[in-house]
Amino acid sequence: MDTSIAYDVVLLPDTDRAVAYRKRAADSGCSLMGVTVAAFDAWVRDLWELYGDGRAFVSRLEREALLRAACERAADGDCVDSESDKRAQLDGASGRCGLAEGCIAEGACALVGNGETEALGLDRVAAACVAAGVGLPAFDAAVRDAQQGVPAGAGALEGMTCAEVPVLRMIGEYLDRLAQLELIEPGQALALLPELLPQRPLHVLLEDAAPLTPGQEAFFSACPWMGVEVRAASGSQGPVRAPEGVRVRFAFPSGQYAWPALLADIARDALGAAADRVAAPAAVAVPAAAEVPAAVAAAGPAAGDDGASSCEDASGSADGYRDGRSAGAQAAAVVVAAKDPAVLFGRVAPALVRQGHAVALRGRRRFADTAFGRAICSLRRFLDEGQAGGVAHIEGYGDIAPTDVERWDRVDLADWALSPFSGMTRKAAFKLDADMRADRTARRSDLCARLRGDNPMFAAMERLALQLDVQAAAELEAVVRRMTNRSEAWRVEQLAALRALQRAADAAKLAGLGADAAFDQAKRLKVNVSRIVAPRGCDGAALGAPDVLVTDQNTAASLGSGSCKVLVATDLTSAAYPAADSEDASRVLLEHLGVKRADSALARMRRAFFALEHAATDQLILERCLNDSSADPTYPCVVLEEFVDCYRDDPTATEDIDNPYSLPERLQDGMLLRGEDALCANDALSDTPAPEAARIEPPLTGAVSPEARSLVVLPRVLQGGQVLDEPCLSPSQIESYLECPYKWFAQRRLRLDDLDEGFGPLEMGDFAHNALHSFYKHMSEDLGEAKVTPQLLAQARELMADVLARHKALQPHLRQSENRLIPTSQVEHRELAELERKLMDYLDFEAELLPTFAPKYLEYDVACGGAVDYAGHKLLGTADRIDVDGEGRCAIIDYKGSISGSYALGVREEGRLGKVQALIYAQVVRRTLGLEPVGALYVCYGRRKMISGAYDGRVIENAHLPNMRHKDCMCADRPFSDVLDETEEAVAAALERMLAGDIRPRPETPEACKWCPVSSCSERRG
Ligand code: SF4
């Protein structure tokens, strides 16, 4: 370190490296008295504060907000090219521009986005142009000409397209607004500073430098009194072999399940028995005793402000806040550089801590992934009336606009309620969720009013989510500070997230934008996360250095050479580290103005990889997961391939690397592999067998244990309060058991019902049944007629219309348990109207049905309040309708919304019973009412009116049963009573099996499995 004397100013690419430089100087005893060591941006800021005109630097958030406001104004009509009269295609609300390739489209004036991901907003395209171009003469001149109405291709706008000129005009407006606000772009300051700085000799060293940007080059050439030396960062030309003495190893977990386990193995092996600083942890799993913000990582990675990045460090200041690890001392024994360090830390830290190691994290988390960010974003989605707006065209339903209920999602409120920021207990949160889901009539305004009354936290969160209320933010900050049941690191993270939102809110307010814009910006922010977890009995905060540091690649690269024993570079796939620069409209626009990109993604990756190679003193471990989360093969990133080529005799050959690892044989030595087959070991992150805490026998499936057999059918409470202890079943239960015993068990005994109040066949069926019951009741009471006949059709229709209207009005007043039918969307309203139409049309069919019979018993309780004997057991139930003729013969009618082949008697020829409900009722009615059953019929009121079931062909004429497959349903060769007896016998045998606990999955037809709630059934068919 000879620079302390030779230079007045040492500039480094970022704050991390500047801090590391200072520490290295301190460790080596080199004085930096009188030497400024800083990141370039921070240095310029300092110079501007000393010599500038008093204007403050605009922050990235303010820039984006002001440009968004300018963009919205442009969308309202300003952004029109004066020459072509064409208009940039903007979405006025958000300033989004159409997705296109990485250029601004000619003619259509579509403003463009990043072809690889989602469309960049026009504001962000403009922001990227401003950050890279403002202050450069060509850019400033183009902006000036665009504002003065010079046409595209003329003056300073030569080479510009007609779509780009309005963008430049908008940037001009933005710069004017900036001046009004007494703010300045860093690029403008850089251009002005040479005029303002005192012209005295200054020795400047750009250490570890990336290629200079055009703005930096212009600045230094305008300051000839500065002696500038540039020491380019090593590695730009590509990786080199690892330093002498550093062992290179490769690690290949085969997939995502093996990935954390292999990394934990690597860390453990590297640390060996090093963790002897603590009392040996208990053998059983003990959670980390301390989780505090790591002193080693007090503020996380550097907050770069390159103006083009899609995210911004939420900690605010880019200068002087970091407590970085001295490069002279080791940052940690093992440093793991990961693409997403927070995720990796969450997976491996608990296992390593259990084994006595202290593990630290330095990384960044998206605002929306923090607990606070998730909670406030969920609540905002719930409260935001505008969401799910617009009209959709749905085949068969036409244009559908969302109703109020559809504009909000119960899940959003539930997410908020289950967050630590709801102030609710888990029980209360689950109850709120269950209440909402069980009630289709729940209104957002009622829920808000209820929560506002009971829950001060909701009130504060609501004010913040809707109005970005400053007082609410202060209240929430106080709440977070009081959450002492959470770790300090967690609280710090949430406070950082809260401050990130406040900064986005401040920027939005400055630009005159609303909460939408602030939340859009906040979602793009990342907050620093840092923590250290240490074994019980060990003060993590007091540790000089953790055993393992998990961080991102850039931070690991900034730690300096020799900063750890083992460096593990993970995620070295082409997907995680693509070498190509993103192509977007800003790059194209700047190139049209001759502003070239100084640096490239590949060069940045090479420099980082070079630094990683030199960070380790003992081992460099390079990890690539062989398969991604979709089990597709991964490919090495470019720098990894380049690194491997350093060790090959002929990099153009392919045979030596034609293996799953793409490695020559000499690099396969000491390879670390892990497969995904050892599921438990991978999950536990350890190959050590877990101590057996308890042995639990696998549950018995397909049978009810002898002890529980008495509970297969629960006791019934009859009308009048009498409790019936002996097994008592309904025909529908019996039918369900016959369909599949296990399905019956799951539906009737386990009750795997949805929590949500439904709007489906069950509710529709109940509505139709009730309406038909009511209709016939009024037929006889009001019209004095029991049966619909062709002559009565007009009156019947009038009556049905009245019945349907009254039943519809009644639905909201029913209890949820009564399967009320509440439509909440336009689609559902149309489905209800369709059902009403079907019921109305059913009257024509009814007029032809069984003309010699008339409905006599409606919703008839066959057990008359008690229980009747059937198949050797007790039975109760209600028959939909019993029609009787003048001879004492009856037909049992069961209403159905749809009918399948299983309803016909003919299925018995296939050796199965088919549907039996109506046959059971017929047998019971034969005994209790003394009638002679001649039909057990299923009548469909659905779109296709039809009948199925069984009937006595010697009594009922085929013509009296329209739309029926008579040959499948008719019983003409034997008495109908034989069919009833035969059914009872078969049911008796089935009931014996049921009561003996036989609940094996045994579907009668594949159809049984269609709507079965047992999702993991080995017998599922169809
Ligand atoms: S999936 Fe089929 S076999 Fe399995 S329980 Fe359900 S109905 Fe029975």
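These legends go with several close-up views of one predicted model. Residues are numbered from 1 along each chain as its sequence is written, and side-chain values use heavy atoms, leaving out hydrogens and water. Because the model is predicted, local features need pLDDT of at least 70 and side-chain atom pairs count only at pLDDT 80 or more, while totals for chains, interfaces and linings use all residues.

**View 1**
Strand E26 covers residues 932-940. Helices (H or I, at least four residues) and strands (E, at least two) are DSSP runs, numbered from the N terminus. Of the 9 residues of E26, 8 are buried, so the strand is largely enclosed by the rest of the structure. Buried means under 20% relative accessible area, exposed means over 50%, and partly exposed lies in between (1.4 Å probe, protein chains only). Strand E25 (residues 889-896) pairs with E26 in the parallel sense over 8 bridges. Two strands pair if DSSP finds at least two bridges between them. Ala891 has Gly935 in E26 as its bridge partner. From E25 the chain crosses through helix H30 (residues 917-928) to E26, a right-handed β-α-β crossover. Right-handed means that, with the strands pointing away from the viewer, the path from the first strand over the helix to the second runs clockwise. Strand E27 (residues 946-952) pairs with E26 in the antiparallel sense over 6 bridges. Here Leu937 has Gly949 in E27 as its bridge partner. E26 and E27 form a hairpin, with 5 residues between them.

**View 1. The sheet of 6 strands.**
This open sheet has the order E21-E24-E25-E26-E27-E28 and mixed pairing. Strand E21 (854-861) and strand E28 (970-971) stand at the edges, each with a single partner strand, so one side of each has no neighbour in the sheet. E21 runs antiparallel to strand E24 (residues 878-884), joined by 6 bridges. Ala854 stands opposite Val884 in E24. In a regular strand the side chains alternate between the two faces of the sheet.

**View 2. The sheet of 3 strands.**
Another open sheet has the order E20-E23-E22, again with mixed pairing. Its edge strands are E20 (728-729) and E22 (868-870), and each pairs on one side only. E22 and strand E23 (residues 873-875) pair in the antiparallel sense over 3 bridges. Val868 stands opposite Leu875 in E23.

**View 3. A β-α-β unit at E1 and E2.**
Strand E1 (residues 9-12) and strand E2 (residues 36-39) run parallel, joined by 4 bridges. Val10 has Val37 in E2 as its bridge partner. With helix H2 (residues 15-27), E1 and E2 make a right-handed β-α-β unit.

Which residues are around the ligand? They are Cys740, Tyr742, Lys743, Pro1001, Pro1003, Ala1008, Cys1009, Cys1012, Cys1017, Glu1019 and Arg1020. A residue is near a molecule or strand if one of its heavy atoms lies within 4 Å of it. Helix H26 (741-749) and helix H33 (1006-1010) each supply at least two residues of this shell. Cys1017 is partly exposed, at 22% relative accessibility.

**View 4. Cysteines and the disulfide count.**
How many disulfides are there? The count comes to 0. A disulfide is counted as a pair of cysteine sulfur atoms within 2.5 Å. In general, it is a covalent bond between the sulfur atoms of two cysteines. Cys625 is buried, with a relative accessible area of 7%.

Met764 lies in helix H27 (residues 761-783). Met764 is buried, with a relative accessible area of 16%. Met764 and Leu832 are 68 residues apart in sequence and 8.1 Å apart in space, C-alpha to C-alpha. Asp754 sits in the loop between H26 and H27. Is Asp754 buried or exposed? Asp754 is exposed, with a relative accessible area of 56%. Asp754 and Arg437 are 317 residues apart in sequence and 9.2 Å apart in space, C-alpha to C-alpha.

**View 5. Leucines with positive phi.**
Most residues other than glycine have a negative phi. Leu685, however, has a positive phi near 60 degrees. Leu685 lies in the loop between helix H24 (679-684) and strand E18 (716-717), and is buried at 5% relative accessible area. Leu850 has a positive phi of about 40 degrees. Leu850 is found in the loop between helix H29 (826-848) and E21, and is buried at 0% relative accessible area.
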